[in-house]
Amino acid sequence: RTWKGKVYDSKGEMNRAKELNVLLANNEIFDLREQVTYRLEVNGILICKYIADFVYLNREGKTITEDFKGVRTQTFAIKAKLMRALHGITIFESRAKTTKRKTVKRK
């Protein structure tokens with residue numbers, strides 16, 4: 001789970017970082033940053049922080065805040081809602097590409 005000296009939370013997140021770096025090299029995205037911290041404050045009180053896995057600009061110049069998810073937790077769901085409510089940011093959730101799924105025969 002280490003690539004270019006960076007340690008990632010999962011193999012999937014590391015693979016997504018590799019994909020984004022290819023897009024960056026091909027000028028498909030710009031200004032790629034990793035582990036960007038956002039403060040989630042209400043009425044001047046810090047509730048918690050959200051750390052985005054990736055933040056970058058797409059070709060249209062729109063900022064994309066992305067989180068790689070193996071499993072969507074309740075904590076993430078709440079932070080995603082707070083990000084939208086407090087900062088107007090909708091988090092793009094990326095997942096591992098699925099391969100063949102095992103089919104279970106039902107009787």
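Me: Which side chain meets that of Glu93 in a salt bridge of 2.8 Å, N to O?

Reply: This is a predicted model, in which local features need pLDDT of at least 70 and side-chain atom pairs count only at pLDDT 80 or more, while totals for chains, interfaces and linings use all residues. Residues are numbered from 1 along each chain as its sequence is written, and side-chain values use heavy atoms, with hydrogens and water left out. A salt bridge is a side-chain nitrogen of Lys or Arg within 4 Å of a carboxyl oxygen of Asp or Glu. At 2.8 Å, N to O, the side chain that meets Glu93 in this way is that of Arg72.

Me: Why does the pair of Glu93 and Arg72 tie together parts that are apart in sequence, and how many residues apart are they?

Reply: Helices (H or I, at least four residues) and strands (E, at least two) are DSSP runs, numbered from the N terminus. Glu93 lies in strand β6 (residues 92-94), whereas Arg72 lies in the loop between β5 and α2, so the parts that the pair ties together are apart in sequence by 21 residues.

Me: Is Glu93 buried, partly exposed or exposed?

Reply: Buried means under 20% relative accessible area, exposed means over 50%, and partly exposed is in between, with a 1.4 Å probe and protein chains only. The relative accessible area of Glu93 is 21%, so Glu93 counts as partly exposed.

Me: Which elements hold the two residues of the salt bridge between Glu66 and Arg16?

Reply: The side chains of Glu66 and Arg16 meet at 2.5 Å, N to O, and both residues are buried. This pair links distant parts of the chain, 50 residues apart, with Glu66 in strand β5 and Arg16 in helix α1 (residues 11-25).

Me: How many salt bridges does the structure hold?

Reply: Besides the pairs already named, the side chains of Glu93 and Arg95 meet in a salt bridge at 3.5 Å, N to O. Salt bridges that share partners also join Arg16, Glu19 and Glu66 into one network. For the structure, the number of salt bridges is 9.

Me: How far apart in space are Ile91 and Glu66, C-alpha to C-alpha?

Reply: Ile91 is found in the loop between α2 and β6, and its relative accessibility is 12%, so Ile91 counts as buried. Leaving aside neighbours within four places in sequence, Ile91 is in contact (heavy atoms within 4.5 Å) with residues including Tyr50, Glu66 and Phe76. Ile91 and Glu66 are 25 residues apart in sequence, and their C-alpha to C-alpha distance is 5.5 Å.

Me: Which element supplies the largest share of the lining of the largest pocket?

Reply: On a 1 Å grid over the protein atoms alone, a pocket is an open set of points where a 1.4 Å probe fits, with protein on both sides within 12 Å along at least five of seven lines, and lining residues have an atom within 4 Å of a point. About 230 Å³ of space lies in the largest pocket, and of the 16 residues that line this pocket, the closest to its centre are Asp9, Ile51, Asp53, Asp67 and Lys69. At least two lining residues come from each of β4, β5 (63-68) and α2 (74-87). The largest share, 4 residues, comes from β4.

Me: In what order do the elements of the protein chain run from the N terminus on?

Reply: The secondary structure of the protein chain comes to 2 helices and 6 strands. From the N terminus on, the order of these elements is β-β-α-β-β-β-α-β.

Definitions and conventions:
Grid points are joined across faces, edges and corners, and a volume is the space filled by probe spheres set on the points.
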